[in-house]
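These notebook entries record what I looked up, entry by entry.

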Amino acid sequence: MSVLWILFLTGLLAALAGLWWPERAVRNLVRAGLLLALVWLPFVPEQSGFGGLFLMDGFARALTLVGVLAALLASLVGSGYLERTGMGAFEYHALLAFSTFGLAVMASSANLVVILVGLELLSLPLYALAALRYDPASEEAGLKYFLLGAVAAAVFFYGLVLHFGATGSFALGAVGKGPLFAVAVALLLAGLFFKAALTPFSWWAPDVYQGAPTPVTLFMATGVKAAAFAALARVAVGVGMGGIGGAFLALAVLLTVFFGNLAALAQGEAKRLLAYSSVAHAGYIALALFGPDPAPAVGYYLLAYALSTGLAFAVLAQVDGGRGVPFGEVRGLVRRSPMLAGMLLLALFSLAGLPPLVGFWGKYLAFVQAARGGQYGLLAFALLTAVVAAYYYLRLLAQAFFLEPEAKGGLEVRPLAALALGLVAFLVVALGVFPGAVYGFFNVGGVVP
Amino acid sequence: MVSLLIFVPFLAALVIALWQEDDAAFAKRFALGVSGVLTLVALGLYFRYPGQGFAFEERLPWLPSLGAGYHVGLDGIALPFVVLTALLTAVSVLASWRKTDRAFFALLLVLEGALTGVFAALDLLLFFLFFEIVLVPMYFVIAVWGYENARYAAVKFLLYSLFGSVFMLAAILGTAYLASGTLGGLTFDFPKLQKAAPYLATLPAAAWLFWGFALAFLIKLPSFPLHTWLPHAHTQAPTAGSIFLAGLLLKMGGYGLIRFNLGLFPAELKRFSAFLAVLAVISILYGAYVTLAQRDLKRLIANSSVNHMGYVLLGIASMSAIGLHGAVYQMVAHGIITGLMFLMVGLLADRTHTREIGAMRGIYASMPVLGGILWLALLGGLGLPGLAGFLGEYQSLWGAFESGLTRGYVWFAIFGILILVGAMLWTIQRVLLGAKEKDYPDLDPIELAAAAPLVFLAVLLGLVPALLTPWIDGGIQPLLAFVRGIL
């Protein structure tokens, strides 16, 4: 409970304080709140409350940690971007805190209604955040995200209602059968596929990721994905992967890793490329759901992915002047800032799954789960697409390393942002060499009581 | 000690990366010093090898929950490559003495550490880790400092390798999980997994696992039809990169085939040995034939490697003691001689500003030292008795002839020798012989220092095989005893 309170009060105080205090104070307040939640999380005891509506189990703790980490990173590396683009600054941090609260709610329940509430709490601030830059691209992103997000929520809600009809319960794990239950499962999964950006419900992702302010994209790609997969894992395990759920998920994974990677090949804009890559990664994470013990794999993959993609977007946020990041902006990054280029290298190689970086272990755990679940065909296909993925990461990397820069001059990175970048880069390497260091925290039992 | 050989280069690369001054004067001296000292350390280990099985083993817990540990050790198969890695790093640094980027030298050191790790790792996951780390510095060495089509070649190299790697990773996981039942727990430890080999041999999945490993190693080796990355990468890489590629990266393939395909799946190797022998013979013939047709001197040498590695594959497919001896000897000899060829051709191209064979003539007349060494290297490449290359080829073929598995294929391979002899002699005639056309400066002392150890070894290992064969025997005999226990 305590973490939810911390996050809730942080958001509330930040929203109020922003009216009187300077932006700087709100910023520090939010960062302090997020940091407190992050440090506090490992010590939170496993508990449940409100008759099972609230459930702080190991899985919730692990995924909330990933989400809070993502929010903290988004807050720390965002300031420079906000100033360059003249975005409303205190709103950014306050909305971020609220969204993180929603994320924690969504992750800490195995009850469909509470998950829906968390989903909305997470999404509403995000719609505003996506549109925060007040230019056509940003507004388009916000509107698109809102419309499709609303449809997704409605679909999920429909599934929830049918689930109740079929089983007489909102709690996951309730046993049901028959066509009504099958439709309910399909709708519940489809609603969450939207948020997790699994094809064929991922068409919004590239546009929204590209149009939204880069630090917001960072949070969407990492924190939101963690929350979506927290719910998806619980739903998938709750309804069982034996029947239509498994078939539906398998089809989605197949399409996701195929289209995500294929479309990424053709991109000429870094954020859009990473958006497609994030779609593809959703497919790899979902592979873990077929295994007998998906929680550690999903959690660790999300951590690895949040660190790697977070690092990549954090670097792009330093480069981005508000008009997105076409390849030309990244060109010759190594001459303008060797440090940022080095971090981009770590991030992209980690996303490509090269050891000894943390991304490798995420893939490792997820693929092992898929193999233990007997999904050999899907696994072989995913492995092949992972090689394709290396090619587009290299394309982006080649821009940064082998070409002459278009823009002259170095890049200004704020001290705190540099610190955050450095820490994340360190974690990408350190957790790659010693993945056991935090694995215990993610090695939790089941995801449904 | 082995860990020192692996991690000191990484630390040295870090020192170079963090060094304040931006010129390479310090970087190259430091890199030379580190790799020189490590060469001596590796040689020390080489001569302290007890003569049988694995030695110098070190174990540390690493990922106990996954059953993976830090386990390194060397046997007579790995030791020559570890020495060669350190030595060729020093040679490459000397060969790149004119380079002005310190990052280049840092990457060479990273390569050295990772390659040593590949040859020393006795844990499959650790092996995979180093196997993959090798790719990254090599990619950058080719892409940044290579010739005109370097980026294309670098990407092709990396994608080919990754393609093989994912299948190897799948095979590693499959092996460990399938063996976990008989071993009483998940482990990636190579000696432990070897104990499960009799059980693995009974599984229907063994063939899949075998090919998962083999695909990665056949790409690295490379064998026809997976060799098409090689001419690009070797031709476009800078001299030091070509030395590393030919001298060491290809050896990862042959080493892996012996260590893992033979060491874990001997029954499958026996089952598919005819197929591998056919691939080997095609590589030998086709590699030699394509070598004949090259106009680019570097590409010519690159293609001759396909031919040379064919003998390695043939020796491995024979599964006989002599054939395996030949395979290892051939790899070591090829590392020295082809490394020397690439070194000389690189230095030659720096002077003539072209790699076109048609544009060079009378090189021996204008540069007697460079020409003479290149002459020696080309003769070594065609397998002249008295030089290191002869023994490996001879033993591979003899082993393949003695073994019932591959006898029928040896006859075809012999034509490969003829064609390659023709190609090499024709190259000598076109490039080295003839009247002097233009004056070029001959090798300077630093370039000579780079070539000297390789020339010395090429002759020494041609005349005194006793400096290498007992070591190889110490690795091969326990392996064959183990194989006989399973078959």
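**Entry 1: the contact between chains.** I took contact to mean heavy atoms within 4.5 Å. The model is a predicted one. With that cut-off, I found that chain B gives 27 residues to the contact and chain A gives 26 residues. I then looked up the area buried between chain B and chain A, which is about 2,400 Å². Carbon and sulfur atoms give 86% of that area.

**Entry 2: salt bridges.** How many salt bridges are counted between chain B and chain A? The count there is zero. Over all chains, the count comes to 21 salt bridges. I looked up one pair in chain A: the side chains of Arg61(A) and Glu46(A) form a salt bridge, at 3.9 Å from N to O. I noted where each partner sits: Arg61(A) is in helix H3 of chain A, while Glu46(A) is in the loop between H2 and strand S1 (47-49) of chain A. The pair therefore ties together parts that are 15 residues apart in sequence.

**Entry 3: H2 and H3 of chain A.** In chain A, H2 spans residues 23-40 and H3 spans residues 58-85. I recorded an angle of about 155° between them, with their axes 9 Å apart. Angles over 145 degrees count as roughly antiparallel, and H2(A) and H3(A) are therefore roughly antiparallel to each other. Their crossing is left-handed. From H2(A), the residues making the contact include Arg27(A), Arg31(A), Leu34(A) and Leu38(A). From H3(A), I noted several, among them Leu65(A), Val68(A), Leu72(A) and Ser79(A). By class, I recorded 10 nonpolar, two polar and two charged residues in the contact of H2(A) with H3(A).

**Entry 4: H15 and H20 of chain B.** I then turned to chain B, where helix H15 (residues 297-318) packs with helix H20 (residues 407-432). The angle is about 155°, and the axes lie 11 Å apart. Are H15(B) and H20(B) roughly parallel or roughly antiparallel to each other? By the angle, they are roughly antiparallel. H15(B) passes H20(B) in a left-handed crossing. On the side of H15(B), the residues making the contact include Leu297(B), Asn307(B), His308(B) and Tyr311(B). H20(B) contributes residues including Gly416(B), Ile417(B), Met424(B) and Arg430(B). By class, the contact of H15(B) with H20(B) has nine nonpolar residues, five polar and one charged.

Methods:
Residues are numbered from 1 along each chain as its sequence is written. Chains are lettered from A and ligands numbered from 1 in the order in which they are written. This is a predicted model: local features need pLDDT of at least 70, side-chain atom pairs count only at pLDDT 80 or more; totals for chains, interfaces and linings use all residues. Side-chain values use heavy atoms; hydrogens and water are left out. Axes are lines fitted to C-alpha atoms, for helices over the stretch in contact, and angles run from 0 to 180 degrees between N-to-C directions. Helices (H or I, at least four residues) and strands (E, at least two) are DSSP runs, numbered from the N terminus. Angles under 35 degrees count as roughly parallel, over 145 as roughly antiparallel, 65 to 115 as roughly perpendicular and the rest as oblique. A crossing is left-handed if the near helix is turned anticlockwise from the far one by less than a right angle, and right-handed if clockwise. Ala, Val, Leu, Ile, Met, Phe, Trp, Tyr, Cys and Pro count as nonpolar, Asp, Glu, Lys and Arg as charged, and the others, Gly among them, as polar. Buried area is the accessible area (1.4 Å probe) that two parts lose on being put together, summed over both. A salt bridge is a side-chain nitrogen of Lys or Arg within 4 Å of a carboxyl oxygen of Asp or Glu.
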